[in-house]
Amino acid sequence: MGEHAAPILVTGGAGFIGSALVRHLVLERGCAVLNVDALTYAGHEQSVADASSSPLYRFERGDIADAKHMAALFQAYRPQSVIHLAAESHVDRSIDGPADFIRTNVVGSFTLLEEATRYWLALDREARSRFRFLHVSTDEVFGALGAEGRFTEDSPYRPNSPYAASKAASDHLARAWWHTYALPVIVTNCSNNYGPYQYPEKLIPLVARKAIAGLELPVYGSGLQVRDWLHVTDHVRGIVAALERGTVGGTYLFGGDSERTNLSVVQQIADLVDELSPSDTSRRSLIRHVADRPGHDYRYAIDASATRESLGWRAEVAFDAGLRDTVRWYLDNDAWCDEVLAGRYDGSRLGRVMSA
């Protein structure tokens with residue numbers, strides 16, 4: 001990192017979306033980046049290996065709930081902005097163990113906001129005017145939709161899972177620090193992301209890996225729950241657009257205009273694996289309906305028209321093409337999957353309700 005290059009501090013930059021953002025900033029945008037990540041089960045330095053040899057890149061292992069460490073990093077690296085992605089993010093895991101989600105997503109976000117505010121207030125006037133704190137969140141904070149309608153920037157918050165509730169709390173904290181302390185905060189909410197380097201506990205990589213191995217493909221309940229899918233490369237372009245062109249205090253929603261039922265996504269993955277890695281058995285025959293997730297939200301969908309108008313951003317990766325490339329990536333990167341899964345996750349069912 002150049003002596004005078006003020007980095008963008010990215011929290012959670014070894015995770016799925018964070019690593020895509022780091023690679024984009026360093027390799028495509030030529031930005032200096034400080035990646036701060038606790039390297040939990042879902043964070044892996046291998047995911048940013050392509051960027052790690054650049055002089056623009058620095059990595060610090062750290063827990064965002066550790067105020068002393070965060071304060072030291074702000075003083076040592078003097079970041080120009082913060083993009084906050086570090087979070088526990090899997091709904092099923094939040095059902096099994098909500099405490100980790102409260103600690104990281106709520107307490108961690110609070111701690112980071114506090115240390116960012118102390119740092120920002122001590123900057124000179126010019127640096128203070130340029131500084132931004134971009135808080136990255138999810139559409140799950142808005143709860144569930146019925147068959148009609150989409151989430152907008154004005155949608156009320158109605159989180160239904162421990163994960164969604166913890167992210168809703170962090171959104172409210174970020175906005176409170178803007179209103180109360182004038183910290184220049186921007187909030188973004190996105191629909192379901194997919195793409196390379198996603199930890200294989202989430203629907204698309206989990207099903208792709210099981211289909212490749214010829215294992216049963218679990219579908220929660222009827223599988224008719226609807227999600228809007230956004231390719232991670234489109235999302236990171238949106239994050240950068242919000243950082244560079246967003247209005248302080250504003251909210252920006254990123255969606256892929258690609259609504260699909262979970263069942264149709266699993267069927268499409270099965271067909272792609274049949275095509276790309278032929279077998280005597282049709283992978284669709286491996287689909288099994290299992291007990292539904294507790295409190296499973298029926299439908300999420302985002303209206304990103306206001307974001308498109310204000311930031312000039314739009315999703316560019318069509319779902320069919322993006323899913324094909326993603327399945328191919330998991331076929332070609334078995335070694336990465338084995339390494340990140342080893343001793344951490346065996347693909348078994350998560351998110352069961354505790355017995356009464």
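Reply: Start with the contacts, meaning heavy atoms within 4.5 Å: of those in the protein chain with a separation of 6 or more, 81% are between residues 24 or more positions apart. A word on the source: this is a predicted model, where local features need pLDDT of at least 70 and side-chain atom pairs count only at pLDDT 80 or more, while totals for chains, interfaces and linings use all residues. Numbering runs from 1 along each chain as its sequence is written, and side-chain values use heavy atoms, with hydrogens and water left out.

Now the inside. Buried residues (under 20% relative accessible area, with exposed being over 50% and partly exposed in between, for a 1.4 Å probe and protein chains only) make up 54% of the 356 residues. A nonpolar core here is a set of buried Ala, Val, Leu, Ile, Met, Phe, Trp, Tyr and Cys residues joined through side-chain atoms within 4.5 Å. The largest one has 42 residues, and Leu21, Leu25 and Ile83 touch the most other members. At least two residues of this core come from each of strand S1 (8–11), helix H1 (16–28), strand S5 (132–138), strand S6 (185–190), helix H9 (232–245) and strand S10 (251–254). (Helices are DSSP runs of H or I with at least four residues, strands are E runs of at least two, and both are numbered from the N terminus.)

Zoom in on Ile83. If you skip its neighbours within four places in sequence, Ile83 is in contact with Ile8, Leu9, Val10, Thr11, Leu21, Leu25, Leu134, Val136, Ile239 and Leu243. As background, nonpolar side chains tend to be buried together in soluble globular proteins.

Tyr197 sits in the loop between strand S7 (192–194) and helix H8 (203–213), and its phi is positive, about 70°, though it isn't a glycine. Tyr197 is buried, at 16% relative accessible area. Arg78 also has a positive phi without being a glycine, about 50°, and its loop joins helix H3 (67–77) to strand S4 (81–84). Arg78, however, is partly exposed, at 35%. For context, most residues other than glycine have a negative phi.
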